[in-house]
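Let's take a walk through this structure together, one part at a time. Keep the 3D view open and turn it as you read.

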Amino acid sequence: METFENTSRRSFMKIAAAAGGGLFLGFNWTNATASPVVVHAKDVAAGTVNFNSYLSIGTDNIITIVSPNPEIGQGIKTAFPMVVAEELDADWKTVKTVQGNLDPAAFERQVTGGSGAVPHSWERLRQAGATARYLLVEAAAARWKVQPTECSTSDGKVFHKASGKSLSYGELVEEASKLTAPKEVKLKEEKDFKLIGKSVRNVDNHNIATGKPLFGLDFHREGMLFAVIQRPKAFGFKLQSVDDKAARAMPGIVDVVTFENSVAVVGKSTWQVNKARLALKIEYEKAADLESSSDHNRIFQDLLNNGEATVRRKDGDVHTAFKNAAKVIKAEYQCPFLAHSPLEPMNFFAHVRADGVELVGPTQTPDRARGEVAKLTGFPVEKISVEITRQGGGFGRRLAADFVVEAAHVSKLVKAPVKVIWTREDDMTGGIYRPAVRYRFEAALDKSGELIGYKLRGVGMNAGNSTREDNFPSGSVDNLLIDSVDHKSPITTGPWRAPITNFLAYAEQSFLDEVAEAAGKDPIEFRLNLLEKAKKQPAGEVKYDIDRMIAVIKLARDKSNWGKKKGVHQGFSVYFSHRSYVAQVGEVVIEKGKPILKNVIAAVDCGIVINLSGSLQQVRGGVVDGLGHAMYGNMTFKNGAADQTNFDGFRLIRMSEIPEVDVHFVDNGISPTGLGEPALPPTGGAVANAFYKATKQRLRNQPFIEEPLFKGIS
Amino acid sequence: MALFKLTVNKRAYQADVEGDTPLLWVLRDNLGLVGTKYGCGIAQCGACTVHLDGKAVRSCVLPVSAIGQGKVTTIEGLSDKGDHPVQQAWDEVDVAQCGYCQAGQIMTAAALLKEKPKPTDEEIVNTMNGNICRCGTYHRIHEAVKVAASKTK
C-alpha cells in the first residue's frame with residue numbers, strides 16, 4: 001500500500017532515500033499566506049525536521065507531493081498534484097502522488113465531503129508549485145550568472161534562451177535547497193496553463209487495473225483477526241441476551257464479544273466468522289417505535305398539515321399574495337430512504353495496543369474517526385494514528401465514524417489487531433440512510449402569469465432542515481415562505497451525496513415546471529424571467545450568482561437545441577449546489593409506445609476545470625447516479641427492519657439503463673469549485689420533466705419505477 | 001477443514017479451508033490475492049468476477065470444493081505486466097472513478113472478448129450489464145471494451 005506517514009521518521013527516511021536527496025519544500029497547507037520553508041534533504045533523512053506538508057524534488061527529477069484528502073472516486077489524488085505541477089512547470093510523467101495520512105496539524109480540512117477540497121486548496125497548491133519553480137529558476141540563474149528574468153521553465157527544466165542552456169530540475173535541486181523561499185510568488189495566468197484543463201488519467205489506473213491492494217478491505221496485517229458484527233435487526237431494538245456457545249464452537253472462531261447492542265464474532269477468516277455468526281442466538285427487546293414505511297406516509301401527511309414548522313425564510317407577505325392570486329398551484333413530492341451502497345462495504349482495521357491505537361481503512365473523515373476512538377479508548381489523539389486507504393466509493397456513508405469506533409471496540413475487547421468487515425447485508429440494513437422527505441409546494445400566479453407567491457414546507461425523517469431556503473427561486477419571488485418540520489425516527493440517517501438537494505432539487509425543479517406550464521410559459525423562459533427579476537428587484541437576499549446561473553441555463557438551452565428537435569421531448573432543470581451551477585436537459589423519445597430516456601445534456605459551471613477527463617466523468621457519473629436513484633432507489637421498512645437487504649432487492653442502475661450524457665463546461669476563468677456532488681441534484685428534475693413532456697404524467701414520487709407511468713415496464 | 005489444491009494464475013496453491021468456502025474468500029484471505037473484490041456475496045454485482053477455465057464466473061458463490069482441476073485466473077494473473085488489451089484500454093479511456101468494481105469489470109470484459117473478439121454494442125451491454133459500477137462509469141466501460149476489441153487481433 002502506497003501511503004506515507006507524515007510524522008514517522010521511518011517514512012521520511014524512505015521518501016528521502018527514494019528521492020536521493022534534493023529540494024524539500026515544506027509548506028503550510030492550512031494557510032495560503034504563510035511562506036514556505038526550504039528543508040535540507042539531510043535533515044529530512046535524519047528525521048530532524050518536522051514540517052507540515054511538502055513537495056519534494058529529487059536529484060532523479062522525481063517530484064513527490066502529498067495529497068491529504070481521502071480519495072473516494074472524486075479524483076482528488078490526480079487533480080491536486082496537477083495544480084502543483086502546473087505552477088511548477090513540471091514534467092507530469094515524473095510526478096508521484098502519495099496519499100497523506102491523518103495529520104490535522106499539517107492539513108486543515110482533511111475531509112472528503114461537500115465538494116469542498118478544490119475550492120479550499122486551489123491557491124495553496126498553486127503557491128507550493130510556484131514557490132518551488134521560483135527557487136529552481138534562482139538556482140539556475142545563479143549558476144549561469146544571468147538574471148532570473150531571462151530564464152524560462154517547462155517540462156521540468158529551466159532554460160536560458162539567449163545562451164541556449166538548459167538544466168533539469170533534478171540538476172538544480174541541491175543549489176535550490178540552499179536558497180530562502182520568497183514570501184510571495186507570482187502565479188500563472190489562466191491563458192498560460194499547460195496541464196490544467198487537459199485530460200489527465202487517474203494516477204492509480206495501473207494499480208486498479210492490475211488488482212493491487214489499494215482499498216481498506218484489502219489491508220492485511222500479519223496476525224490480524226477478522227470480525228463481523230451482528231447488529232440489531234430492527235431500528236428500535238435493544239440487545240437483551242446472547243447465547244454464543246454454538247458460534248464459539250465453530251471452526252476458526254477465536255472469540256465472541258458483546259458491546260452495546262452489537263455482538264462481534266472474531267476469528268481467522270471472513271468466511272468462518274460469517275458462518276459462525278449464523279449460529280448466534282440473540283434476544284432483543286423493543287426500546288423505541290418499530291416504524292414501517294406505511295407509518296412514515298401517515299406521519300408525513302400529519303406533519304405537513306399539523307406539524308409545528310420552523311420558518312427558514314420569509315419574504316414579503318405570502319398570505320396576501322395567495323389571497324389575491326388568479327391561480328394557485330399545489331403539489332407534493334416524496335422520496336424514500338436510500339442506502340449509500342458504496343461497492344466496498346464498510347470495513348476498518350483497528351489495533352488497540354497498550355500504548356496507543358492504529359487505525360487503517362476507508363474514511364471520509366479521519367479526524368472525526370480518531371476523535372471518537374479517543375473517547376472510546378481514553379487515549380489522547382496523539383497516540384492514535386489513522387492511515388487512509390483508497391476507498392471504494394463513499395457517497396457520504398464514510399463521513400460517519402461508527403464503523404471505525406466499532407473496529408476499535410472489538411480490538412480493545414479481544415486485545416488483538418482486528419479487521420471488521422460489513423457484509424453487503426450489514427451495510428444495507430445497518431442504517432445512516434438518506435432520509436425520506438416529503439415536500440409540499442404552493443405557487444400563486446397573478447392574471448398575467450407572474451409568480452407572486454411561493455410556499456415550500458419540507459418534512460423529513462431526522463433530516464433537520466429539509467429545505468435549502470436560499471436557493472433559487474428564493475430571491476426572485478416577492479412573497480415567499482419556506483419552513484420545515486422534522487420527525488425523529490429511530491431509523492438512523494446521515495448525509496448522502498449532495499445532502500437534501502439530492503432530492504429537493506428534483507422536487508423544486510419539477511414543481512417549477514408545473515408552475516411554468518400553469519403560467520403558459522416555456523420552462524426555460526420562465527426561469528430566465530425570474531432570474532432577471534431577481535437581478536433587477538431582488539426579494540430579500542440573493543445567495544447565488546444570478547449571472548452564472550443564467551449562463552448555464554443558456555448553455556444547456558443552446559447545446560440541447562431546446563424546443564427544436566422533432567419527436568424528442570425535452571425537460572429542463574437547473575440547480576446551484578456546493579458552489580457550482582449545473583443545468584440539464586433530459587430527452588425522452590417514444591419507442592414502441594414506451595417513453596425512453598435517450599439523452600441528458602449537462603451544462604456545468606464549476607469555474608476552471610482542472611482535470612478534463614476526471615471532470616467529464618464526475619458529471620456523467622453524477623447524472624447516472626442521480627438518474628439511477630431517482631428511478632430505482634428505494635429502502636422500505638417493516639416493523640423497524642429494512643425490507644431490502646442486498647442488490648437483489650435494492651436496485652442499482654446498470655449499463656443498459658443509462659442514457660447518453662453530453663457534458664459542456666462554461667469557460668469563465670473563475671477559481672474552481674468542486675464537482676463530486678453538483679451534477680447529481682438537477683438530474684431527477686430534468687428527467688421527470690422530460691417524461692412529463694412525453695406522456696403528460698407527472699412523476700411526483702421516487703422511485704419513478706413505482707409510479708403509474710412505469711407500471712408494467714421493467 | 002480440508003486441503004484444496006488450486007491452480008491460480010498458473011501457480012499451484014493449497015488452502016486448508018472448509019469445502020463450502022467461496023473461492024472469493026480463499027483468494028482474498030488464504031492466498032492473499034485481494035484484487036478480486038467482495039461487493040454483494042450473492043452474484044449480483046460482479047465485483048468478484050474471475051475466470052474459471054477461461055470463462056467469467058462469480059467467485060463469491062463458487063465453493064472451493066467445486067473447482068476441482070479447474071484453472072483459475074484472477075485480475076493479478078490476467079497478464080504478466082498489466083498490459084492485457086482490456087487493462088490497457090481501461091487506462092487509455094480512464095475508466096475508473098473509485099476503482100473498486102473495475103477488476104470485476106475487466107475480467108468480465110476480457111472473457112467476453114476471448115469468446116467474441118468483435119462484440120456488437122448490444123453484446124457489450126448484455127454482458128457488462130451483470131456488473132454494477134456504483135460510481136456510474138458505464139459510458140467509459142462500454143467505450144473501453146470497444147477500444148480493447150480494436151486492440152485484439
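Two residues are in contact here if their C-beta atoms, placed from the backbone, lie within 7 Å. By that rule, 20 residues of domain 1 of chain A are in contact with 19 residues of domain 3 of chain A. On the domain 1 side, helix 3 (76-88) and helix 4 (117-144) of chain A are the elements that give two or more residues; helices (H or I, at least four residues) and strands (E, at least two) are DSSP runs, numbered from the N terminus. This side of domain 1 of chain A divides into nine nonpolar, eight polar and three charged residues. In that count, Ala, Val, Leu, Ile, Met, Phe, Trp, Tyr, Cys and Pro are nonpolar, Asp, Glu, Lys and Arg are charged, and the others, Gly among them, are polar.

Before going on, a word on the model: it is predicted, local features need pLDDT of at least 70, side-chain atom pairs count only at pLDDT 80 or more, and totals for chains, interfaces and linings use all residues. Residues are numbered from 1 along each chain as its sequence is written, while chains are lettered from A and ligands numbered from 1 in the order in which they are written.

Now for the layout of chain A. Its domains are domain 1 (4-209), domain 2 (216-287 + 346-421) and domain 3 (307-337 + 433-710), with bounds from an automatic or database domain assignment.

Strand 7 (residues 151-154) and strand 8 (residues 157-160) of chain A run antiparallel and are joined by four bridges; two strands pair if DSSP finds at least two bridges between them. A:S154 has A:K157 as its bridge partner in strand 8 of chain A. Two residues lie between these strands, and A:D155 in the turn has a positive phi of about 45 degrees. Strand 8 of chain A also pairs with strand 9 (residues 165-168) of chain A, in the antiparallel sense over four bridges. This second hairpin has four residues between the strands, and A:G164 takes a positive phi near 75 degrees.

Next, find an open sheet of five strands in chain A, with the order 15-23-22-21-16 and mixed pairing. Its edge strands are strand 15 (310-315) and strand 16 (327-335) of chain A. Strand 16 of chain A pairs with strand 21 (residues 437-445) of chain A in the antiparallel sense over nine bridges, and A:A331 stands opposite A:F441 in strand 21 of chain A.

Finally, turn to chain B. Its domain assignment gives domain 1 (2-77) and domain 2 (85-151), and their C-alpha centres lie 21 Å apart. The contact between the chains takes 47 residues from chain B and 45 residues from chain A. Helix 5 of chain B supplies the largest share of the chain B side, five residues.
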